[in-house]
6 protein chains.
Amino acid sequence: MKLTHVDERGVKMVEVGHKPDVIRKAIAKGRIRLRAETVRLIREGKVEKGNVLAAAQIAAILAVKKTPELIPLCHPIPLTGIDVTFEFGEDYIEVTCEVRAHYKTGVEMEALTGVTVALLTIWDMVKAVEKDEHGQYPFTRIENIRVVEKMKGE
Amino acid sequence: MKLTHVDERGVKMVEVGHKPDVIRKAIAKGRIRLRAETVRLIREGKVEKGNVLAAAQIAAILAVKKTPELIPLCHPIPLTGIDVTFEFGEDYIEVTCEVRAHYKTGVEMEALTGVTVALLTIWDMVKAVEKDEHGQYPFTRIENIRVVEKMKGE
Amino acid sequence: MKLTHVDERGVKMVEVGHKPDVIRKAIAKGRIRLRAETVRLIREGKVEKGNVLAAAQIAAILAVKKTPELIPLCHPIPLTGIDVTFEFGEDYIEVTCEVRAHYKTGVEMEALTGVTVALLTIWDMVKAVEKDEHGQYPFTRIENIRVVEKMKGE
Amino acid sequence: MKLTHVDERGVKMVEVGHKPDVIRKAIAKGRIRLRAETVRLIREGKVEKGNVLAAAQIAAILAVKKTPELIPLCHPIPLTGIDVTFEFGEDYIEVTCEVRAHYKTGVEMEALTGVTVALLTIWDMVKAVEKDEHGQYPFTRIENIRVVEKMKGE
Amino acid sequence: MKLTHVDERGVKMVEVGHKPDVIRKAIAKGRIRLRAETVRLIREGKVEKGNVLAAAQIAAILAVKKTPELIPLCHPIPLTGIDVTFEFGEDYIEVTCEVRAHYKTGVEMEALTGVTVALLTIWDMVKAVEKDEHGQYPFTRIENIRVVEKMKGE
Amino acid sequence: MKLTHVDERGVKMVEVGHKPDVIRKAIAKGRIRLRAETVRLIREGKVEKGNVLAAAQIAAILAVKKTPELIPLCHPIPLTGIDVTFEFGEDYIEVTCEVRAHYKTGVEMEALTGVTVALLTIWDMVKAVEKDEHGQYPFTRIENIRVVEKMKGE
């Protein structure tokens, strides 16, 4: 068992030129745990919900496209589609990001990058209501970021 | 209790011009759960450890500086220092990112962005050894991303 | 009367180090002319309006922060606040972008960049309904991009 | 008639994986209205003309390549060629941007982005001569940005 | 003999759409001349060597991917692999960068960009030991950046 | 003597918050060696000279502003001015880049980044005339990149 990106000469962007172009799909999920009041504020707000989720979606879509600039050894990939969706729990919001391409290498890092940037964008927008009186975040957590499905070929 | 970034006109980058420039520090932490063999491979490898951690550190430092480009409503901040460190558990690596500035607004989003990009970079480098025979990731998880300290003034 | 950015040696980013830090504000406006049906579709749509405008706002805020990367001779400026708002006419949407900073040089290029990227983002989202049967855009136009106010000092 | 980028789940980067790779071309135009003296200054200046137009061309070419980073729902597209040209009127400069690719989706947003960034770059370079004694821009306007031709297949 | 990127209308990103996709490889090299003590410090340091070289490798790999954003007339190219390696002389470090793609145009600018950013990153990390007592760099030089091999087809 | 950016915990962006804001200037130079015919072609061409040099200047100015994104451990610095100039020899072009700021840390990496990207941009524009019949570059070299002056305080 070996790490493919590292050898005695350091790190590299591994060669994928010999791999065929096939359909690739990856779905990642992750969760931000918030105060129940914060979730309610977003969920029930007429404007809040649309705007917080739209900001998170757009930030995620842009971040997916920036993956090879953020994760040093990722290949630039011509992506064909990106979806970002949300589910609400009592004290959390769960983000799902699905990324698709027709290329030589998988897109799970892209889906994971989309999920994390969506979650960070939600955090940024609820800072004022999540902080305690000392400016700390006793409740806010990003949790359970994972790849739930990775697909190759049709 | 209100969200400060959202109102009936949508989202905005909130005005901070009236706030004084003070010393700001934020420390965030997060964890990637890996197979015990993967952790061992990194930890005991002569080259692997240095290279995986260096890649994660550098990716994190660059990502911290890109925060206002990734998180739409963050302000551009002239940062004065960034540290990224690691601790190993049996089946996880924990990343700590500390960011400092002398400015009008806090740097916790920067520290959180650094932590998540460090964790994603580790994931990317261990893909080959974390995937199962179906190309899925039954063990790999990013967990417990949080702000452990936020400081303002001296 | 002379162009300040160009001389016999070519172009330069002009020195502003001797200028004092003062409060700066600029407001720019511009308009996208659309089919009346498209405007109605956005305006009356429950989800459409929020999402199209949120996408345009967020794209504009991110673009304002990227101004020195897009307009070659612009200085990097530590911005303190950005607002993007919309007005609807029968066959157009008007975008207003206000940018504020406390710095040595004005922010009108930032406000203009925000307006144009908001307008382009709206265009991108209504492509399917604006195109005619030959895939052309007989109606869509971006018009009247201008600086409506530029302020310096208090 | 429906917006393709927006639905009840918010915005998405629409799937184009099923579309064939064909030759794509789009030509966009737009105009900056300036004081007649400013146009004369650029047009007749030995160095001014070359440098202002070269700056605008290069800014436009770089911006075309950045389109998917600026317009959130645009796909990354492997572009094959970009041309940016200028025509002078008595009190305006008109920019034309032609973009070509061999891909699954059209390039009109790329051509429009090139035109607007060229026009903004010209504005930035003539600020000193366009402003009035109060630092305002009574004449300067960006106008009539449009797609003049969109072509698909050969 | 003519420059292909420049004509009476200024500069352009030349059309490559008619060229076939073939395997492309380019290898560039370059050297940073340093004080012998600095080279020794890096070479013999337990942590220094790994970290300086890892930082330079990662910066180079990221810069290779940014080439079309840095060099205005370069095409965006879907790269398939990148290697960055080092050799030590008594008073210099030599960097080699190999870039591969399967595309319509060559990758020598990408390889050259990787080499130069690796060399600049090394310079940045040894500033404290290379500067003399007046804060100047009497010894440090970047030298002999060249394309040592360019390959097209198999 | 120690490297300041590296320690047993890896690399970091060193803290500069305690340093005073002072005037900073750095001048870097470097040279691209070309065939004498290529230099003549640029130098004597009516359009060639202006356009090649304008492209190199603008690429350099944009790259200076991107330094903290390219060189991982560089601080973001609010730059106040950038000049890029050229001198012609019989078989070379020499680039000088001067960068100024009022900040806590020096700008020599910015000046060096400007010089190297100007030189790479020239190389890119003369590829067609520098290559031999096998597509190789027997003459082209980037040489002698150095900091010629670094100034701090007034």
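Which residue of E6(B) does Ile145(A) stand opposite?

**Entry 1: the strand pair.** I looked up Ile145(A) and found that it stands opposite Ile142(B) in E6(B). I note that this is a predicted model, in which local features need pLDDT of at least 70, side-chain atom pairs count only at pLDDT 80 or more, and totals for chains, interfaces and linings use all residues. Residues are numbered from 1 along each chain as its sequence is written, chains are lettered from A and ligands numbered from 1 in the order in which they are written, and side-chain values use heavy atoms, with hydrogens and water left out. I then followed the strands: E6(A) pairs with strand E6 (residues 141-152) of chain B in the antiparallel sense, over two bridges. Strands are DSSP runs of E with at least two residues, helices are runs of H or I with at least four, and both are numbered from the N terminus. Two strands pair if DSSP finds at least two bridges between them.

**Entry 2: chain A against chain B.** I counted contacts (heavy atoms within 4.5 Å) and found 56 residues of chain A touching 57 residues of chain B. The buried area is about 4,800 Å², of which carbon and sulfur atoms give 68%. Buried area is the accessible area (1.4 Å probe) that two parts lose on being put together, summed over both.

I next looked for salt bridges (a side-chain nitrogen of Lys or Arg within 4 Å of a carboxyl oxygen of Asp or Glu). Two are found across this interface. The side chains of Glu69(A) and Lys66(B) form a salt bridge, at 3.1 Å from N to O.

H4(A) gives the largest share, 11 residues. By class, I recorded 29 nonpolar, 11 polar and 16 charged residues on the side of chain A that touches chain B. Here Ala, Val, Leu, Ile, Met, Phe, Trp, Tyr, Cys and Pro count as nonpolar, Asp, Glu, Lys and Arg as charged, and the others, Gly among them, as polar.

**Entry 3: chain B against chain E.** How many residues of chain B are in contact with chain E? I found six, in contact with six residues of chain E. These chains bury about 430 Å² between them, 68% of it on carbon and sulfur atoms. Asn51(B), Ala54(B) and Ile58(B) supply 59% of the area that chain B buries there, more than any other three residues. I counted zero salt bridges between chain B and chain E.
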